[in-house]
Amino acid sequence: MAETFSFKLIAIDGKARRGVISMPRGEIRTPAFMPVGTGGTVKAMYMDQVRGVGADIILGNTYHLMLRPGAERVAKLGGLHEFARWPHPILTDSGGFQVMSLSKLRKLSEKGVTFHSHIDGAPYEMSPERSIEIQGLLDSNIQMQLDECTALPAKPTEIERAMELSLRWAERCKTAFGDQPGKAMFGIVQGGDSAVMRVRSAQALKAMDLKGYALGGLAVGEPQSVMLEMLDITCPELPADRPRYLMGVGTPDDILKSVARGIDMFDCVMPTRAGRHGLAYTRRGKINLRNARHADDPRPLDEESDCPAARDYSRAYLHHLVRSQESLGAMLLSWNNLSYYQKLMQDIRAAIEAKAFEARAAEISEGWARGDIPAV
């Protein structure tokens with residue numbers, strides 16, 4: 001395993017990039033999808049399963065782990081890798097998204113954010129320095145700067161204020177992070193749906209010479225076309241030799257279109273959340289197992305899948321589990337969905353290496369458009 005943090009590009013096809021991030025905890029093949037383990041668990045999954053479907057890295061959340069079980073407690077118990085039985089790379093979100101999503105429970109200042117816990121109302125202070133400290137206590141391998149994520153639509157003055165504050169916080173996070181061999185801190189490009197603000201943010205972060213760059217504040221209410229426009233504008237402003245991470249995205253279609261614009265890393269709760277609500281992602285598109293058409297169907301979700309959840313259980317059984325609200329239904333569909341997402345990433349990486357990404361992306365999209373097999 002590598003002793004330092006590094007990113008190497010292996011192949012480029014158009015703007016799509018195939019690379020590898022190397023660090024002491026292991027390698028991350030890019031483009032990569034990171035399953036979300038907000039509170040130290042990828043919901044409805046064993047960590048062995050998460051690794052088994054092909055994940056190289058998972059995501060944890062600074063805000064939620066700060067509240068429970070507490071960063072100091074996790075550190076005392078050996079760090080998040082030991083605590084959650086995941087010895088591979090971990091990226092932690094700084095808590096910036098909660099600055100937006102829990103806006104009724106927080107106060108914002110130049111110093112940082114004061115949260116009121118959504119659990120018991122207790123106050124917590126989160127400065128850029130404290131965010132990095134918590135991520136260090138968790139022993140996170142890729143740590144994110146604290147930022148202010150603006151929900152869209154927003155006024156231009158509000159977008160600019162939040163973007164400038166995020167840049168000042170990025171400088172403080174960089175100082176607090178210091179030099180941690182084998183680990184990295186990523187900056188986060190903000191700027192809402194403003195091309196001017198996005199470019200200013202990207203250029204200022206690039207000047208900080210960080211080990212990676214994320215794009216935040218997208219997929220927060222704006223149409224996909226706006227998100228893609230911001231990627232078209234922002235990606236060329238970022239250094240080609242550093243990983244680019246699109247935060248909180250997204251659907252398989254979002255991923256295909258974002259890879260085509262030069263994105264290397266993704267995370268989203270969608271595959272596990274959909275699984276808990278009876279929705280399966282497959283090469284034939286999204287399938288709702290709650291629908292009565294599946295009640296007497298002995299066929300599996302996908303007979304060609306190498307995931308047992310998709311290949312070995314009948315649709316009738318999955319329908320029964322979902323309608324009966326059995327825990328196993330959520331477990332099997334989450335397993336299927338994460339397996340599908342990782343298979344999609346594997347497919348994307350192979351296509352880029354073969355200089356066939358555009359054609360393969362079209363084939364994948366056509367498969368979704370054809371839809372599910374006819375009902376029995």
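Reader: Is Gln325 buried or exposed?
Author: This is a predicted model, in which local features need pLDDT of at least 70, side-chain atom pairs count only at pLDDT 80 or more, and totals for chains, interfaces and linings use all residues. Residues are numbered from 1 along each chain as its sequence is written, and side-chain values use heavy atoms, with hydrogens and water left out. Buried denotes under 20% relative accessible area, exposed over 50%, and partly exposed the range in between (1.4 Å probe, protein chains only). With a relative accessible area of 70%, Gln325 is exposed.

Reader: What is the phi of Gln325, and where does the residue lie?
Author: Most residues other than glycine have a negative phi. Gln325, which is not glycine, has a positive phi near 55°. Helices (H or I, at least four residues) and strands (E, at least two) are DSSP runs, numbered from the N terminus. On that basis, Gln325 belongs to the loop between α13 (315-323) and α14 (327-353).

Reader: What is the relative accessible area of Ala44?
Author: Ala44 also is not a glycine, and its phi is positive, at about 70°. This residue sits in the loop between β4 and α1 (47-52). Ala44 is partly exposed, its relative accessible area being 29%.

Reader: Which residue does a cis peptide bond join to Thr30?
Author: Most peptide bonds are trans. Here omega is about 0°.

Reader: Where is Pro153 found?
Author: A cis peptide bond joins Leu152 to Pro153, with omega about 0°. Pro153 is located in the loop between β10 (142-144) and α7 (156-177).
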